[in-house]
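Student: Please take a close look at a single helix in this model. Then place that part in its wider setting.

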Amino acid sequence: MEIKSVGVVGAGQMGNGIAHVMALAGYDVRLNDVRQDALDKAVALIGKNLDRQVSREKISQEERDTALARISTTMEIAEVADTDLVIEAATEKEEVKHKIFEAILPSLRPNTILTSNTSSISITRLASRTDRPEKFMGFHFMNPVPVMQLVELIRGIATDQDTYASCLAVVEKLGKTAASAEDFPAFIVNRILIPMINEACYTLYEGVGNVASIDTAMKLGANHPMGPLELADFIGLDTCLAIMNVLHDGLADTKYRPCPLMTKYVEAGWLGRKTKRGFYDYRGETPVPTR
């Protein structure tokens with residue numbers, strides 16, 4: 001199936017990035033959210049990011065204008081359903097995703113491929129809540145979407161080859177690289193990355209080092225571009241905790257037990273950059289470690 005139009009459910013950090021790259025690649029995009037202010041903010045951010053690409057001579061002004069014109073927004077989920085490919089990009093909470101699928105299924109065309117940008121939740125289990133498990137799969141973009149080259153493609157137990165091939169063709173048209181992952185908790189990237197972040201939290205929790213020393217050690221000692229605690233703030237501590245809980249519950253192994261300090265930060269609402277506080281305090285001109 002040739003994909004020409006794409007619906008994106010969720011206009012947050014991931015959703016607006018997916019809409020951006022899809023429109024730039026020539027797809028007609030319908031971006032949905034439950035709040036108009038979120039849609040307005042997303043379009044403004046997409047425009048700003050496109051302008052940055054123009055200033056860096058990555059794209060032309062004409063490409064920028066054409067891409068932005070391809071994006072339409074709606075608060076009506078039925079309007080998103082009338083596309084060839086739907087990508088759910090809502091928060092990493094399974095019950096929220098179930099509600100989205102329940103709302104969109106009555107309006108989906110028979111041949112529409114339904115996917116989730118989930119970073120950890122079972123694709124087979126999500127697919128079982130739909131009327132098209134054979135046309136359902138995981139379509140996991142990395143953050144920030146316009147910059148990161150990788151897309152994880154995850155097949156559920158019922159996903160058919162045509163669905164996989166169609167999604168792979170989309171990734172290739174985006175100029176990105178696909179990595180095929182089996183449907184196990186957190187797939188490939190987050191199965192490796194998030195436990196590393198969790199271990200950095202334990203290193204802080206146990207007093208082995210403070211925030212600055214842990215991040216500096218990993219940047220200079222392991223050549224990481226960003227320290228693990230800085231990265232946790234960028235991803236969002238709530239997202240990191242949700243993925244650790246999926247790993248802990250899904251694999252029943254104590255090595256995936258979320259660090260109590262991460263849980264405490266999330267309970268305090270210190271989720272990282274998006275709330276201006278996490279392992280760093282972002283309320284001033286420069287980030288300051290909170291421990």
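Tutor: Helix H1 is mostly covered, with 10 of its 12 residues buried. This is a predicted model. The buried set opens with Met14, Gly15, Asn16, Gly17 and Ile18, and continues with Ala19, His20, Val21, Met22 and Ala23. An α-helix has 3.6 residues a turn, so residues three or four places apart point the same way.

Now its length. H1 covers residues 13-24. Just after H1 comes Gly26, with a positive phi of about 105°.

Arg155 and Tyr164 give another case: the charged end of Arg155 sits over the Tyr164 ring, 3.9 Å from its centre.

Next, rings against rings. The count comes to 6 aromatic pairs. Phe139 and Phe141 are one of them: the centres are 5.1 Å apart and the planes meet at 15°, so the pair is stacked, the cut-off being under 30 degrees. Phe139 is buried at 0% relative accessibility. Phe141 is buried too, because its relative accessible area of 2% is under 20%. Tyr280 and Tyr282 form a tilted pair, 6.3 Å centre to centre with 50° between the planes. Tyr280 counts as buried at 12% relative accessible area. Tyr282 is buried as well, at 13% relative accessibility. Tyr265, Trp270 and Phe279 form one aromatic cluster.

Finally, the whole chain. The protein chain has 12 helices and 10 strands. Its radius of gyration is 19 Å, close to the 19 Å from the globule rule for 291 residues, so the chain is as compact as a globular protein of that length. Along the principal axes, its C-alpha atoms fill a box of roughly 55 × 45 × 30 Å. Of the 291 residues, 49% count as buried. Among contacts between residues at least 6 apart in sequence, 65% join residues at least 24 apart. The chain exposes about 13800 Å², and carbon and sulfur atoms supply 52% of that area.

Conventions:
Residues numbered from 1 in each chain as written. Predicted model: local features only at pLDDT ≥ 70, side-chain atom pairs only at ≥ 80, totals over all residues. Heavy atoms only, no water. Phe/Tyr/Trp six-rings, centres within 6.5 Å; stacked < 30°, edge-to-face > 60°. Buried < 20%, exposed > 50% of the residue type's maximum accessible area, 1.4 Å probe, protein only. Lys NZ or Arg CZ within 6 Å of the ring centre and 35° of its normal. Helix = DSSP H or I, 4+ residues; strand = E, 2+ residues; numbered from the N terminus. Expected span 1.5 Å × (residues − 1). Rg over C-alpha atoms; globule rule 2.2 N^0.38 Å. Contact = heavy atoms within 4.5 Å. Areas by Shrake-Rupley, 256 points an atom, 1.4 Å probe, with all protein chains shown as cover.
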